[in-house]
Amino acid sequence: MPRERAAPEPLDAVLAELRACRLCRDAPLYPPRLPHEPRPVIQATARARLLIASQAPGTRVHASGRPFTDRSGDRLRDWLGLDKERFYDGTRVAIVPMGFCFPGLDGKGGDLPPRRECAPAWRARVLAGLSEVELVLVIGRYAQAWHLGPKAAADLTATVADWRAILGQERRPRILPLPHPSWRNNGWLRKNPWFEADLLPVLRAEVARLAG
């Protein structure tokens, strides 16, 4: 007799536990220990049909406690064709970064990579509660490596350039890779005009259907 599957955890309960997480400060799996008070940032409800799989909060997001409250967020909303009201409506858009807390700055003043404790501890549990999601926007190479696995190319440009094949794969939810909307990628955008000319119109049409 086949064994019954366990019922998924209520998403609200998972999120409440996640927001209280202090793993990277109190029991880090990898050095260094997070030097500041953790503040997990996530936006999700079980009704969302669009998922943004992002990187990790920066300094402004750490201060606000709300995802993409910075210049990157302004550019991302422009890419998506969403105003702030729809973007911050958790019943439309889930925003689940690879690292939920601001990881700190490197010696050059840039953000450190997402903390490696976060994804193994939380990602599967959160995604299991997002059963209505139809499209995942994977932003940056950390999210692309997690969600695409071996189908992610060796570098971000090659992965994003393969967006048609990735989006067209038979899977649910579908996946669309994107670069990070940071101002640090202005040069990348200039070198890859096909992103705005070819990918953005498809992205905006998908977003309008799912979260418009």
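Q: Is Glu-134 buried, partly exposed or exposed in this predicted model, and what is its relative accessible area?
A: Buried means under 20% relative accessible area and exposed means over 50%. Glu-134 has a relative accessible area of 23%, so it is partly exposed.

Q: Which residue forms a salt bridge with Glu-134?
A: Side chains of opposite charge can pair when their charged atoms come close. Here the partner is Arg-49, with 3.0 Å between the closest N and O atoms. Arg-49 is partly exposed, at 29% relative accessibility.

Q: How many salt bridges does a search of the whole structure find?
A: The search finds 15. One of them joins Arg-174 and Glu-206, at 2.6 Å from N to O. This pair also links distant parts of the chain, since Arg-174 is in strand E4 and Glu-206 in helix H11, 32 residues apart. Arg-174 is partly exposed at 22%, whereas Glu-206 is buried at 13%. Through shared partners, salt bridges join Arg-49, Glu-134, Arg-174, Glu-206 and Arg-209 into one network.

Q: Where do Arg-77 and Asp-74 lie relative to one another?
A: Both are in helix H4, 3 residues apart, which means a separation of about one helical turn. Arg-77 is buried, at 6% relative accessibility, while Asp-74 is partly exposed, at 44%.

Q: How many residues has the largest nonpolar core, and which have the most contacts inside it?
A: In soluble globular proteins, nonpolar side chains tend to be buried together. The largest such core here has 28 residues, and those with the most contacts inside it are Ile-52, Leu-80, Phe-87, Leu-137, Leu-176, Phe-195 and Leu-203. Elements that give two or more residues include strand E1 (50-53), strand E3 (135-139) and helix H11 (194-211). H11 gives the most, with 7 residues. Leu-137 touches residues including Leu-50, Ile-52, Leu-80, Leu-176 and Leu-203. Another core, of 26 residues, lies apart from it, with Val-14, Ala-119, Leu-130 and Val-133 among them.

Q: Which residues lie nearest the centre of the largest pocket?
A: Rolling a probe the size of a water molecule over the atoms shows where empty space is left. The largest pocket holds about 1,000 Å³. Its lining has 33 residues, with Ser-72, Asp-111, His-180, Ser-182 and Arg-184 nearest the centre. The lining comprises 16 nonpolar, 11 polar and 6 charged residues.

Key: Residues are numbered from 1 along each chain as its sequence is written. This is a predicted model: local features need pLDDT of at least 70, side-chain atom pairs count only at pLDDT 80 or more; totals for chains, interfaces and linings use all residues. Side-chain values use heavy atoms; hydrogens and water are left out. A nonpolar core is a set of buried Ala, Val, Leu, Ile, Met, Phe, Trp, Tyr and Cys residues joined through side-chain atoms within 4.5 Å. Buried means under 20% relative accessible area, exposed over 50%, partly exposed in between (1.4 Å probe, protein chains only). Helices (H or I, at least four residues) and strands (E, at least two) are DSSP runs, numbered from the N terminus. Contact means heavy atoms within 4.5 Å. On a 1 Å grid over the protein atoms alone, a cavity is a set of points where a 1.4 Å probe fits but cannot get out, and a pocket is an open set with protein on both sides within 12 Å along at least five of seven lines; lining residues have an atom within 4 Å of a point. Grid points are joined across faces, edges and corners, and a volume is the space filled by probe spheres set on the points. Ala, Val, Leu, Ile, Met, Phe, Trp, Tyr, Cys and Pro count as nonpolar, Asp, Glu, Lys and Arg as charged, and the others, Gly among them, as polar. A salt bridge is a side-chain nitrogen of Lys or Arg within 4 Å of a carboxyl oxygen of Asp or Glu. Lists of a residue's contacts leave out its neighbours within four places in sequence.
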